[in-house]
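Visitor: I have a model open and would like to learn how to read it. Could we take the features one at a time?

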Amino acid sequence: MDFSKIIGQFHPLLVHLPIGILLFAFVLIIYERWQKANLLSAISIALLLGSFAAALSCLTGWFLAQSGDYDAELVEKHQWTGISSCILGFSAYFFQKQRMLISSIMVAVLAVAGHFGGTITHGENYLFASDEKASDTAIISEKDTKIDSTNQTKNLVKQTFLYKEKVLPILEKKCYNCHSSRKKKGGLRLDNEVFIRKGGKNGEILKAGNPNKSLLYSHLLLPLEKEKHMPPKGKPQLTSNEISIINFWIKKGASFTGEIEDETIIPQIKVAEISNVNIASEEVLSKESFENLLTAETKLDIPNEMVLQKLKNQKIVVNLEGNSGKKLDVNFVNVKNYNPTYLSDLQELKENVFSLKINNKEFSDADMDQLKEFNNLEKLNLERTSITDKGIKNLESLKNLRQLNLYNTEVSDESIETISSFKNLKVLYLWKTKISEEGIEKLKKKMSNTRIEYGNFKFSKPDSLKGTVKL
Amino acid sequence: MKDLENITKKLDRRNFLQKTASGLGAFALGNLLSTSSDAKSFEKDLLAALPSIAPKAKRVVYLFMAGGPSQFETFDYKPRLSNMFGQDLPDSVRKGQRLTGMSANQAVLPVVPSAFKFNQHGKNKTWVSELLPYTAQVVDELCIIKSLYTEQINHDPAITFFQTGHQLPGRPSIGSWLSYGLGSENQNLPAFIVLISKNAAKDQPLYARLWGNGFLPSEHQGVQFRSGKDPVLFLNNPEGYDGADRQEMLSYLTQLNQLQNDKWADPEVDARIAQYEMAYRMQTSVPEVMDTTHESDEVFELYGPDSRDKGSYAANCLLARKLLEKDVRFVQLYHQGWDHHGGLPKNMAQQCKQTDQATAALLIDLKRRGMLEDTLVVWGGEFGRTVYSQGKLTQNDYGRDHHPRCFSMWMAGAGVKAGLSYGQTDDFSYNIVKNPVHVHDFQATLMHLLGIDHEQLIFKSQGRRFRLTDVSGQVVKDILS
C-alpha cells in the first residue's frame, strides 16, 4: 500500500475533530453573547484547534479522494465546502470583531460539507434510506415468527432462510468492507436487498437462476490477477464452500426470503479448477457446459514452444486462445502444398487443438486417420478437401465436435450414420456435398438440435423494380 | 511486438550517444528519445487490449455506401408522412437544429414521404423498401440499427469520422487499427484490402487517406485492389525482368534496408521491408485470388449479372467473399453515388439496383460456406438524409439534404443478433427517440466483436495516446448475440 493511501485513511477519523471543536467554539460564542461572559481565550483556542484540525482533514481528504473510488462530483462539492469551512474557521480566529457573523457562516458551510461527506460514505439519500431498511427488517422478522409457528404445529423438517442464514453472513464477512454503507466501490452496495437488485455502475449483478450470468458470482471466479476479480487480490477470498453457496442461491432463484431445509446439501463447485476461468464479465456464457468446458482447459498442458515454432515455419497459423493460451486454433490457410507430416507434427499438441481448418485439395481420406486422436476438437473445417465417406469414419471418436464444415467434399449419404453420432454438434455445413435431399431430411430428423446449412436458399426473382417513378 | 523491443534496445541512451558521438546536446536529445519505458508500457497496453474479450468475428467486410443513403427509401419506414406530403416541417420537430448551407435558406421545408412502398419481410415482419427486394429476402440475417447518429454534416468530415474516429484527416482507418492490433492469418495478402465500385456515380470523391494508416506503421494501410489488368499497381515484374532476378534484387535490397535499420531504427524501415516482402508474395497470391474462372455459373447468378463485370459492385462483393475465404482480416468496399440532393427517386432506384442483389448474395454465400458465423458484415453510409425535400418538390421528384441526427445501417453475421431492429426515430426520422448509437459506439462494438477492448487499443503518437474511438464510445451490448 502506498503512502498517500495510508494518509488518506485517516480522513474519516480526523473529520470528526473540526466538526466537534468548531461547533463547540460556535456554542461558546453564542453563550458568551447570551450570558455576557468573557470566554475570549477559550473561543480563540477552540477556533484555532478546530481550524487546524479542519486543515488536516482537508489534507487527508485530498489524499483519500485520489483513490478515485468516490463520486467525483460529490467529492468536489465536499472538498470545496470543507476547505471553505477551514478558511472561515481561521478567519473567525483572526477577525475577532466579526466572530459572530463569520462563525455562523462557518457552521452553515460546515454542515453542508458534513452532509456531502455523509453522502459520499453512506450513499445518496442516506438520511431517508434508513427508513426503508427498517421496514425491510420488519418484514423479515414478521416472516420469522410465522415460520416458527408453522414449525411448531407441523413439526416438520427444520427450515432455514437461504439468504439470511447462508448468503448474508458471507457478504457481511467478505464484501461489506467495500460494498456497503461504509464504501460503495463501483457504485455497488450489497448490504440491502434493494441495493443488491439495483447493482452497481456496470448494471445489474444478479440474474436469478443463472449464476454464470450474474456478476455477483462470475466475478468471484475470475483469475486472481484480473482487476475485476472479487474480492480483490490481498483481501480475504471466498472459500470454495462459500462460492458454492452463492452459486446455489442464485441458481435457486436468488430469493431474499426463500427457505431451504436445514439439511440441504449444497452442491460443491470445484473452485480450484475453475479459478483460472476467463470470463469477460460482459460475455454471455454458454449455459450448461460452462464448468465442464473450462475445466477442460485448465487440465491441458502448455503447448510446446518448439512444436509451435516448427508449425510456424511450415506456415501453419496457430492462434493461442482461451484464458491461458492453451487452446489452439489451427489454420492451414497459408499452406500451399499439403504434406501429411504437418498433421503428425500437430499431433504432438493434439489435446490442445480445439479448432482446425484445412482446406487443401491434397488433403484426402488417407490423412483422416491422423485426426482420430484430436479428442478435444470442437470446430473442424474440412471444406474443399478431397475427403469421402471412407475418411469421415475416422471422425467417430471426436465426441466434442460442435461445428463441422464439409462443404464441397465428396461426402455422401453413406456418412449419415457417422455424422448423426455427433451429439454435441450445433452447426453442420453440407453445401455441395454428395448428400441427397432425402439424406438431408434424414439428418434433420436425427439431429434436431443441429442447424444444417446445405445451401438450399434461392432468390425469388422480384418482377422488376416497381417504383412510383419509371426508371 | 518484437519490433518495439528492438527499437527500445537500439535506441537506449548509450547506444545513441555512441552513434552520434557528440557532446551534451546529443545527450539531452538522447534523454528525449529514450522511449524505453514508454515503449514497454505501451506494449503492455496493446497486449492488455487483445485477449480480454472472446472474439466472435475473425474477419470483417464493410460495405460502405458513400454519399449518405436515405433512410426513408431503405429501412426507416415512416407511414405517417404520406399524409403530410408537401407540408412545411413543423418547428417542433426541427427545434431550430442547424441545416446545411444547401437548404438552410429554403423558404419552406416541405415534408416528403418515400416514393417507394414498404413491405414486411421475414420471420420478424421487418419493414423493407421495395427498392431492396433481395435484401428483403435475407432480412432475418440482419441486425438493422435505425438510430445511428453523427456530428458531421458534410461528406468529407463525416466519412473520415466514420472510418477513423475523427473528423480531421490523419488518424488510422478502422482496418488499419485491426491490422495493427490483430495482424492477419493470411501471410500472402494484406490484412486490409479496399475495393471501389467502378460502376457507381462518382458524385462525392473518395481519398486514399480513408484507408490510410495515419500514424500507425505503414504496412497497416489499406491496399486498394483495382479492377483493371493490374489489380495492384507495380506488382508485376517489369517487362523482360526475370522472377529470379527480382527475388535476388529484393534480398539485396532487404540487406541494405536492414543496414539502414540497424543504424536509425526507424520503424518505417521495418515497414518498408515488410511491404517489399508482402509485395513479393502478392505476385502469386493476388492473381490467384482475383481469378474467378473457377467460380460456377450458379455463383455469378447469385450475385447478379454485374458480377461478371470486374470492378462492379457485384464483382467486388464476389471478390470480397474470395478474400475473406483466404482469411483476409478486413475488406472494405466503397460504393459511391448515394448523395441525392435532387432526383432522388430515380437515382436511389438505380443505386439500390446496383447493390441490392450482390449484398444479399454475399450474405448467402458466406452463410452456406460456414463463414457468416465468424465474419462480420456491415452496410451503411456516413449520415442520413432529411425528411424535407431539398429544392423543388414535385409529385414524383424530390431531393433530400444531409441529415446527421439519425440514419440506418445494418450489421450481420458474427456475434450480432440476427433479425433485430434496434433503435427508433420519431415520425419524421428527424430525431432519435430510442437507443441512440453514436459512430464511436458503432466502432467500439465492431472492435468488441473482434475481441478488442476499444479503450485499450492505443497508439502513442506525438506525445498523445490515440485510439479509434477517441475519448468516447460504448459497446452496444443490446445487439450482441
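Guide: Start with two helices. The axes of helix α9 (residues 243–264) of chain B and helix α10 (residues 267–290) of chain B cross at roughly 165° and come within 9 Å. Axes are lines fitted to C-alpha atoms, for helices over the stretch in contact, and angles run from 0 to 180 degrees between N-to-C directions. That makes α9(B) roughly antiparallel to α10(B) (under 35 degrees is roughly parallel, over 145 roughly antiparallel, 65 to 115 roughly perpendicular, the rest oblique).

Visitor: Which residues of α9(B) and α10(B) make the contact?

Guide: Contact requires C-beta atoms, placed from the backbone, within 7 Å. From α9(B) come B:Leu250, B:Leu253, B:Thr254, B:Asn257, B:Gln260, B:Asn261 and B:Trp264, and from α10(B) come B:Val269, B:Asp270, B:Arg272, B:Ile273, B:Tyr276 and B:Tyr280. They divide into 7 nonpolar, 4 polar and 2 charged. Ala, Val, Leu, Ile, Met, Phe, Trp, Tyr, Cys and Pro count as nonpolar, Asp, Glu, Lys and Arg as charged, and the others, Gly among them, as polar.

Visitor: Where do the numbers and letters come from, and what kind of model is it?

Guide: This is a predicted model, in which local features need pLDDT of at least 70 and side-chain atom pairs count only at pLDDT 80 or more, while totals for chains, interfaces and linings use all residues. Residues are numbered from 1 along each chain as its sequence is written, and chains are lettered from A and ligands numbered from 1 in the order in which they are written. Helices (H or I, at least four residues) and strands (E, at least two) are DSSP runs, numbered from the N terminus.

Visitor: How many residues of strand β1 of chain B are buried?

Guide: A residue is buried if 20 or more other C-beta atoms lie within 10 Å of its own, exposed if 12 or fewer, and partly exposed in between. In β1(B) (residues 59–65), 7 of the 7 residues are buried, so the strand is largely enclosed by the rest of the structure. B:Arg59, B:Val61, B:Leu63 and B:Met65 lie on one side, and B:Val60, B:Tyr62 and B:Phe64 on the other.

Visitor: Which strands pair with β1(B)?

Guide: Pairing needs at least two DSSP bridges. β1(B) runs parallel to strand β8 (residues 375–380) of chain B over 6 bridges, where B:Arg59 is partnered by B:Thr375. Another 6 bridges join β1(B) to strand β7 (residues 330–335) of chain B, also parallel, with B:His335 as the partner of B:Met65.

Terms used:
Two residues are in contact if their C-beta atoms, placed from the backbone, lie within 7 Å.
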